[in-house]
Amino acid sequence: MKKNIRILLIIVAFCLLFLIRAFANKLFYDPLITYFKNDYLYAKLPTIDFWQLLRNLFYRFVLNSFVTLLIIGLLFRKKELIKFTALFLAIAFVILIVVFAILLNNKFENGYLLPFYIRRFIIHPLFLLILIPAFYFQHKNNIEFNN
């Protein structure tokens with residue numbers, strides 16, 4: 001694939017991430033958005049449909065993950081990195097969603113910061129910001145990626 005086309009596709013993929021973020025309120029059920037925007041230190045936790053929230057967090061994570069895999073694939077063009085990223089994202093999601101579900105089930109009794117940041121990692125493509133520099137460092141230092 002020509003370099004110009006790859007660059008254009010990478011820009012389009014990043015634009016997709018911005019669109020997911022821009023239309024998140026319309027696409028996904030998440031009453032915690034308004035809860036964390038307002039005075040959540042003193043406000044009661046809103047009524048939450050537990051399973052609908054977890055399902056919508058899953059949808060959003062999967063959507064962001066597909067775009068993340070597309071960007072990693074276009075940037076580095078190595079199937080091993082795409083496979084590693086997919087496995088990493090899957091494991092990270094399972095760990096994060098289980099911990100978040102436990103905290104949500106306990107109604108954030110132990111504080112709001114941990115669920116706030118766990119939810120951030122689920123709904124935003126933060127792992128992309130971690131993996132790109134890591135893979136770039138690996139690429140620049142000619143470190144081989146083996147299974």
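## Helix 4 against helix 5

In this predicted model, the axes of helix 4 (residues 50-76) and helix 5 (residues 79-105) come within 10 Å and cross at roughly 160°. Helix 4 is therefore roughly antiparallel to helix 5. That label applies to angles over 145 degrees; under 35 degrees counts as roughly parallel, 65 to 115 as roughly perpendicular, and the rest as oblique. Axes are lines fitted to C-alpha atoms, for helices over the stretch in contact, and angles run from 0 to 180 degrees between N-to-C directions. Helices are DSSP runs of H or I with at least four residues, strands are E runs of at least two, and numbering starts at the N terminus. The crossing of helix 4 with helix 5 is right-handed.

On the helix 4 side, the contact is made by Phe50, Leu53, Leu54, Leu57, Phe58, Phe61, Ser65, Thr68, Leu69, Ile72, Gly73 and Phe76. Helix 5 supplies Leu81, Ile82, Thr85, Ala86, Leu89, Phe93, Ile97, Phe100, Ala101, Leu104 and Asn105. Contact means heavy atoms within 4.5 Å. By class, this contact has 18 nonpolar, 5 polar and no charged residues. Ala, Val, Leu, Ile, Met, Phe, Trp, Tyr, Cys and Pro count as nonpolar, Asp, Glu, Lys and Arg as charged, and the others, Gly among them, as polar.

## Basis of the model

Residues are numbered from 1 along each chain as its sequence is written. Local features need pLDDT of at least 70, side-chain atom pairs count only at pLDDT 80 or more, totals for chains, interfaces and linings use all residues, and side-chain values use heavy atoms, with hydrogens and water left out.

## The whole chain

The protein chain has 7 helices and 0 strands. From the N terminus on, its elements run α-α-α-α-α-α-α. The C-alpha trace spans about 55 × 30 × 25 Å along its principal axes.

Of the 147 residues in the protein chain, 36% are buried. Buried means under 20% relative accessible area, exposed means over 50%, and partly exposed lies in between (1.4 Å probe, protein chains only). The chain exposes about 9800 Å², and carbon and sulfur atoms supply 65% of that area. Among contacts with a separation of 6 or more, 71% join residues 24 or more positions apart.

## Helix 4 against helix 6

The axes of helix 4 and helix 6 come within 8 Å and cross at roughly 50°. These two helices are therefore oblique to each other. Leu57, Arg60, Phe61 and Asn64 of helix 4 meet Phe121, Ile122 and Ile123 of helix 6. By class, this contact has 5 nonpolar, 1 polar and 1 charged residues.

Leu57 and Phe61 also take part in the contact with helix 5. Tyr59 is another residue of helix 4. Tyr59 is partly exposed, at 42% relative accessibility. Tyr59 and Ile123 are 64 residues apart in sequence, and their C-alpha atoms are 9.3 Å apart in space.

## The buried side of helix 6

Helix 6 (residues 113-123) has these buried residues: Pro115, Phe116, Ile118, Arg119, Ile122 and Ile123. They pack against helix 3 (32-37), helix 4 and helix 5.

Arg119 sits in helix 6. Its relative accessible area is 5%, so Arg119 is buried. Not counting residues up to four places away in sequence, Arg119 touches Asp30, Leu32, Ile33, Phe36 and Phe100. Phe100 also belongs to the helix 5 side of the contact with helix 4.

Asn56 lies in helix 4. At 10% relative accessibility, Asn56 is buried. Asn56 touches Leu27, Phe28 and Tyr29, not counting residues up to four places away in sequence.

Lys26 is found in helix 2 (residues 24-27). Lys26 is exposed, at 71% relative accessibility. Lys26 and Ile118 are 92 residues apart along the chain, and their C-alpha atoms are separated by 22 Å.

Arg77 lies in the loop between helix 4 and helix 5. Arg77 is not a glycine, yet it has a positive phi of about 50°. At 55% relative accessibility, Arg77 counts as exposed.

Key:
A crossing is left-handed if the near helix is turned anticlockwise from the far one by less than a right angle, and right-handed if clockwise. Accessible areas come from the Shrake-Rupley method with a 1.4 Å probe; for residues, only the protein chains shown count as cover.
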